[in-house]
Amino acid sequence: MQLHSFHIPVMGIGYTIDTPVRVAHLGISSAISLVDDMLTERMREFYASKYNLPFTGITNKMEDFRAKRITAYLNVVNTIVNQKFKEFKSNLAHKREELNKFLELLPDTAELKHRLSEIMDSASASHIQEVIEKHFQPGTIDVNIMTKLDKENYMDGEKLPTEYNDAHASLRGFANSDLQSSIVLSAGMNARLYTYMEQFDDFYPNAEGLSKKNIILKVSDYRSAIVQGKIFAKKGLWISEFRVESGLNCGGHAFATQGFLMGPILEEFSKNKEQLKQELFEIYTKALEAKNKTVPSAIREMRLTAQGGLGTAEEHQFLTQHYQLDSIGWGSPFLLVPEAVSIDTATIDLLAKGGEEDYFLSHVSPVGVRFNNIKGASRDLEQQEKVKAGKPGAACTKKFILLNKEFTDRPICVASRQYQKIKIEELEAKNLPPEQHEKAFQQITVKSCICNGLGVATLNAHGMDTKKEGTGVSVCPGPNLAYFTRQASLKEMVDHINGRTNLITHPARPNLFVKELTMYQDYIDEEFEELATPDNRQLKSWNDFLNNLQDGIQYYHEMFTKGAGWSDETIAKTRDLLKKCQTRLDQLSAKHLNIKEQALSKA
């Protein structure tokens, strides 16, 4: 029974690693990253000590240590959340001040708020407790796997079987845990990993037709949902939620679409959700029958959620109502809420002071995908100093992003000292003109060790040492954070989401749809500049991209002409910005035509 219409999605490697411990007892759902088993082990030790729980270390000499560390940490988090939730419910029943504070946190639409408000003046503690027991559940403790981060592992020089790959081990760690929650699969398709999920009974329905472990698929467009949904259904695995994330207007890694924008994508989802659910359920039940598994008697729930760039209660309410979303992810704004995430004061200060010009799509990630960033991040500054000192690259201590086999038999990380040294030597041998050489040099040395950087703020927040990780912090906020200018309490942020207060003082913040549109225009313009000699395939891809942007502008023009759900101020400002976007798109189309004509003349 969902209390809140928002959730806190995974952020970085460590920022939300203990968010459930902080907010789940309040009914707020969140997600833990399973990238870094070393960090989960350190956090398990920290919380075991804090809550007087038993702790025995799991060393990297033990068999299947990665999966075991993840299982152990998730079980500790689950134990603490259940303990805190039990105590919190008791306090709500017996301490009127505590109950009032809790009710103030809830949205006015929450059924629990209505029921408790009706009886709290006259009801006994036992009656209040009865209502709470019936209508109140903790927020879910979900987990997130980047499916592409699935490097092979070795023991005594021998390659281990596929199930010991990083993502496979993370999945196993979750599947073997006590949690009754969901795994969020992000960053693209991994067929081997999807097949591996078939081995775990918790993903299949029980006698009541429900699964202990559910699957959330993060997608950037409707077509991806159809394709991947069918892959899972044919395996007898149900997608309980499709989570639509903006391709660019988000935090973390930015997976750009082919110019498909968030509004039209959500429109397609909302119009076709029931048809998609029915189609997938038919495939799903046949697969379950073939496996002699329990077949649900009724069609299973399939939630639709979204995230990326939301900043106002008006936007939250519009998306929830217009597209019938079950929940909306509010990520980056919570980086300013130390009650909710593990973050140090220096990083909060950097984020709060950052303006529009400071948030940008960077090339620092060794994954090879654009990475949302902020100027002045200490890990990036630290890296730049190393380059100036003639010591580019980082010591690769955690080895989670070993993806490159350009110079080695086993993959290495492009942010590592080993790779950058070899790559720079190769560059020097080419004797390129100074301008070309500098550009290539920058492309090599811009890569940063985010494996360590994304966990340092977490360690700092808990007063833990960072000897192995270094002092530099990586942070991956969405550009929407430019419009929030100070640290906030949890209540302030929840009140902001629910429209009871306003944390945005920036006068020129654009609507989330327009912000994403302008980012896509910047993105393709940069591609025009970077690719000097496009082939016919690239030219066609750009043409499709521009056409999709045009369709998006037309969709938004109609939306804000009708105006339903938006204030007069938002409508007027957004329509004006859309006109400017149209003018710029016309300029980009002319630029594309010019590039095409030049390419044809050279052919």
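Modeller: Let's begin with glutamate 87, which is partly exposed, with a relative accessible area of 43%. Keep in mind that this is a predicted model. Glutamate 87 sits in helix 3, the run of residues 65–94. If you go 53 residues along the chain from glutamate 87, you get to threonine 140, and the C-alpha atoms of the two are 17 Å apart.

Now hop over to a pair of helices. Helix 10 (residues 262–290) and helix 19 (residues 536–562) have axes that come within 8 Å and cross at roughly 75°. Angles of 65 to 115 degrees count as roughly perpendicular, so that is the label for helix 10 against helix 19. Who's touching whom? On the helix 10 side, the contact is made by Met262, Gly263, Pro264 and Glu267, while helix 19 brings in Gly552, Tyr555 and Tyr556. Sort the residues of this contact by type and you get four nonpolar, two polar and one charged.

Last stop: the cysteines. A disulfide needs two cysteine sulfur atoms within 2.5 Å, and by that rule the count here is zero. Take cysteine 250: the nearest cysteine sulfur belongs to cysteine 476 and is 9.4 Å away, so with a cut-off of 2.5 Å cysteine 250 is in no disulfide. Cysteine 250 also counts as buried, because its relative accessibility is 3%. Cysteine 451 is in no disulfide either, with the sulfur of cysteine 449, its nearest, 5.5 Å away. At 9% relative accessibility, cysteine 451 is buried too.

Definitions and conventions
Residues numbered from 1 in each chain as written. Predicted model: local features only at pLDDT ≥ 70, side-chain atom pairs only at ≥ 80, totals over all residues. Heavy atoms only, no water. Buried < 20%, exposed > 50% of the residue type's maximum accessible area, 1.4 Å probe, protein only. Helix = DSSP H or I, 4+ residues; strand = E, 2+ residues; numbered from the N terminus. Axes fitted to C-alpha atoms, helices over the stretch in contact; angles between N-to-C directions. Parallel < 35°, antiparallel > 145°, perpendicular 65-115°, else oblique. Contact = heavy atoms within 4.5 Å. Nonpolar A, V, L, I, M, F, W, Y, C, P; charged D, E, K, R; others polar.
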